[in-house]
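Please look over the model below before reading on. The text then takes its parts in turn.

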Amino acid sequence: MKRSFLLSLILTLFCLTALAQASKPVIGITTGFSNQLYTLRYTCVESIKQAGGIPFILPFVDNADDARDYIARVDGLLLSGGADVDPINYNEEPERALGSVDPDRDLAELLFIEAAKNANKPILAICRGSQILNVAFGGTLYQDIPSSVRGALKHGQSQPGKFPSHSISISKDSYLYQLIGLEEVRVNSFHHQGVKDIAPDLKVTAHAPDGVVEAYEGFPKWDVLAVQFHPEYFVADNHDPLWLKLFTDLIDRANKKR
Ligand code: MN
């Protein structure tokens with residue numbers, strides 16, 4: 001009797017473990033807020049779905065307890081694109097060319113990043129996401145690349161996002177290079193802000209020809225990968241297998257920690 005109980009207990013535990021491994025990881029995606037609507041392009045959601053994850057859209061939070069509770073329910077975090085980061089977060093005065101900012105979103109994302117760091121959950125950051133992530137780790141930003149970077153290229157392309165514009169060069173000694181396998185590749189570009197001083201603990205891994213930072217990462221100390229371009233357009237609109245790797249990698253990193 002006792003033995004069969006033990007056996008069934010072991011069998012139940014085995015099944016539960018197998019179920020947990022078979023289920024898709026949940027990826028929290030941050031959003032903007034405008035005209036009483038949470039705003040998130042379908043491209044991020046679609047890319048997580050294509051990569052084999054469950055997209056979980058994160059509303060704003062305004063305190064660390066809520067951020068911790070939300071992050072406890074996801075296996076990874078995707079910081080999406082959006083408006084400018086308020087320079088008050090890196091102790092600079094607003095320049096004239098600063099665009100629109102949303103302090104509520106800044107706060108929510110800074111809290112989510114802190115919670116994800118504490119819970120050791122993987123992060124993929126895109127465009128504005130890479131900017132707020134650098135600030136969260138103690139870095140600074142160019143408030144406006146055209147007026148701050150001499151000889152800057154056009155980083156606000158006019159063609160739709162599924163088309164690449166400027167090139168980037170990727171350092172061979174980076175995690176990003178291991179994933180993508182290319183030293184030079186063209187990406188899309190929809191930003192006028194960018195990383196100025198990279199945060200301690202983070203390493204720049206790709207530049208545009210004008211020196212603008214296009215990617216960085218925190219491995220092995222921090223499970224974070226950030227890109228200044230928008231791989232999700234290539235994935236959602238073109239079903240691009242190259243840039244899908246950034247999202248399947250996030251799923252892989254999330255699975256390793258479940
Ligand atoms: Mn760019």
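The paragraphs below treat a metal site, a helix, the cysteines and a cavity.

The model is predicted, so local features need pLDDT of at least 70 and side-chain atom pairs count only at pLDDT 80 or more, while totals for chains, interfaces and linings use all residues. Residues are numbered from 1 along each chain as its sequence is written, and side-chain values use heavy atoms, with hydrogens and water left out.

Start at the manganese ion. Its protein donors are H155 through ND1, H166 through NE2, S189 through OG, H191 through NE2 and E214 through OE, at 2.2 to 2.3 Å from the ion. A donor here is an N, O or S atom within 2.8 Å of the metal (3.2 Å for Na, K and Ca); water is not among the atoms, so sites may look incomplete. Along the sequence, the donor residues follow the spacing H-x10-H-x22-S-x1-H-x22-E. H155 and H166 each lie in the loop between α6 (145-148) and β8 (167-170), so this pair ties together parts that are 11 residues apart in sequence. Helices (H or I, at least four residues) and strands (E, at least two) are DSSP runs, numbered from the N terminus. Both H155 and H166 are buried, where buried means under 20% relative accessible area, exposed means over 50%, and partly exposed lies in between (1.4 Å probe, protein chains only).

Next comes helix α5, residues 128-136. Eight of its nine residues are buried, so the helix is largely enclosed by the rest of the structure. The buried ones are R128, G129, S130, Q131, I132, L133, N134 and V135. Just after α5, G138 takes a positive phi of about 105°.

What is the count of disulfides? The structure holds zero, a disulfide being a pair of cysteine sulfur atoms within 2.5 Å. For C44, the closest cysteine sulfur is that of C127, 10 Å away and therefore too far for a bond. C44 counts as buried because its relative accessibility is 3%, and C127 counts as buried at 4%.

A cavity is a set of points, on a 1 Å grid over the protein atoms alone, where a 1.4 Å probe fits but cannot get out; lining residues have an atom within 4 Å of a point. There is one cavity of 30 Å³ or more. The largest cavity has a volume of about 50 Å³, volume being the space filled by probe spheres set on the points, which are joined across faces, edges and corners. A116, K117, N120, K121, I123, W222, D223 and V224 line the largest cavity.

How values were computed
On a 1 Å grid over the protein atoms alone, a cavity is a set of points where a 1.4 Å probe fits but cannot get out, and a pocket is an open set with protein on both sides within 12 Å along at least five of seven lines; lining residues have an atom within 4 Å of a point.
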